[in-house]
Amino acid sequence: MEIIIESLPRLLGGAVVTLEITFLSVLLGFVLAIPLAVMRVSRLRCLWMPVYAFTFYFRGTPLLVQIFLIYYGSGQFQVFLDSVGLWHLFKSPWFCSVLALTLNTAAYSAEIFRGGIQGVPRGEVEAARACGMSGILLYRRIVIPKALRIAWPAYTNEVIFLLQASSLVSIITVMDITGVAREISARSFAFYELFLAAAAIYLVLVYGILWIFKRIENRINAYLQVGQH
Amino acid sequence: MSFFDLHGYGWLLLQGAKLTLYVGICSMVLAMGLGLLGVLCKFSRSSLVRFAADTYTTVIRGIPELILILLVYYGVPTLIQDVTAKLGQPVYVSFDPFVAGVATIGFIYGAFSTEVFRGAYLAVPRGQVEAARACGMSRSLTFRRVVLPQMMRFALPGLGNVWMVLIKATALISVIQLPELMRNADIAARATREPFTFFFAASLIYLFITIGSNLVQQWAEKRASRGIITD
């Protein structure tokens, strides 16, 4: 028990790293996923085929492989990356973690948002077109907001999965919650104490994020609730 | 053959893939068993049993797989050691990575398949259960003859998803040195200093497993809904 209290500050420091990496990847992944989803529903082959290939690869392979491919795999191209001045980025486990998680969540989220876009009622799109909207305006004002509302519960699950998946970055030496727990337990042999403490912190984070996303869901659907204030 | 040979490490990858599939199938069987047990508990008449099942699914789904794998592989033996030492007779145990891996992955995805089976159970029309009960079947006979066969059909798409996530999660067992696909790719990558080549090759094997599983799932779903009239 003592060891848990002793290492609590470091575990909480790890929690900050976990949240940082998750938040950045979710944000960047979201920004990437929206255009990817729009491209995915396009009828133009040159638009949807690359997105299909991207999501197929990233959803069909384990995240651990993707992290290793980017972090260790980039070493095989060190000379090239050095010549374009990117090597100092790929040398950093933190950067590779965020990159791998971003691409991974972008692939999953793009598929979720695609489902949302396809779930937008045709009548709304027709009405918007009748009002003279088209192209980007139509997507910005009508399709994307509606698609996000439809996709939100599934997207919440994806964010929770990403938070848990971020524990894998400890394998490439990032000191997140799992990384800190592994390091301290390896030195002190207090394995179950530390991993249980780490599990508890993850549980708190998961249910905290669930609560926040539920609040957002209620907010974006507020116009549907009649007289509930 | 030189392309598949990969400096002589191609076979190592294929051996790893075999173990990955083996681990995956064993864990899936365990997960489905736990899922059925879990769903029976979720609809149990005892509120204590229901509470236990709810705790199982909510807690397990909130903790990363990696933490649970490390907890089982490193934590449980030390816990047993500490407890038995307190009782005056220390017992030293260590887990085989295969057993620890299958147990943990099966235990985690047991929680997910419990939820899948729960949805499937609710999808079976209540009238049929009532009819079976009216014909004099006991609760367990009704479950075996009427509910279970239909549940399986509703559960197939969800179980397919669980399998897809599960087979990718087996890559994490490489952390406890089980020589499955990921671990062997790592060994080959270190030996040849060509990490990209080997991790990419490994990713293609995983992709191949995913595609194969997809085909099997489609076939199984089609087969399970023979004779079902839609619309």
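In the predicted model, helix 1 of chain A carries a kink of about 50° at A:L8. The kink falls shortly before a proline, A:P9. Helix 1 covers residues 2-40, a run of 39 residues. From the first C-alpha to the last, helix 1 of chain A reaches 53 Å. That span is close to the 57 Å expected at 1.5 Å a residue.

The fold of chain A is built from helices. Chain A has ten helices and zero strands. Read from the N terminus, the order of elements is α-α-α-α-α-α-α-α-α-α. The C-alpha trace of chain A spans about 70 × 55 × 25 Å along its principal axes. Chain A comprises 229 residues, and 38% of them count as buried. Contacts in chain A with a separation of 6 or more were also examined by sequence distance. Residues 24 or more positions apart account for 78% of these contacts.

Chain A also touches chain B. The contact involves 30 residues from chain A and 29 residues from chain B. On the chain A side, helix 2 (45-60), helix 3 (63-71), helix 9 (177-188) and helix 10 (191-220) each supply at least two residues. Helix 10 of chain A gives the largest share, ten residues. By residue class, the side of chain A that touches chain B holds 20 nonpolar residues, nine polar and one charged.

Terms used: Residues are numbered from 1 along each chain as its sequence is written. Chains are lettered from A and ligands numbered from 1 in the order in which they are written. This is a predicted model: local features need pLDDT of at least 70, side-chain atom pairs count only at pLDDT 80 or more; totals for chains, interfaces and linings use all residues. Helices (H or I, at least four residues) and strands (E, at least two) are DSSP runs, numbered from the N terminus. A residue is buried if 20 or more other C-beta atoms lie within 10 Å of its own, exposed if 12 or fewer, and partly exposed in between; C-beta atoms are placed from the backbone. Two residues are in contact if their C-beta atoms, placed from the backbone, lie within 7 Å. Ala, Val, Leu, Ile, Met, Phe, Trp, Tyr, Cys and Pro count as nonpolar, Asp, Glu, Lys and Arg as charged, and the others, Gly among them, as polar. The expected span of a helix is 1.5 Å times one less than its number of residues. The bend at a residue is the angle between axes fitted to the seven residues ending there and the seven starting there.
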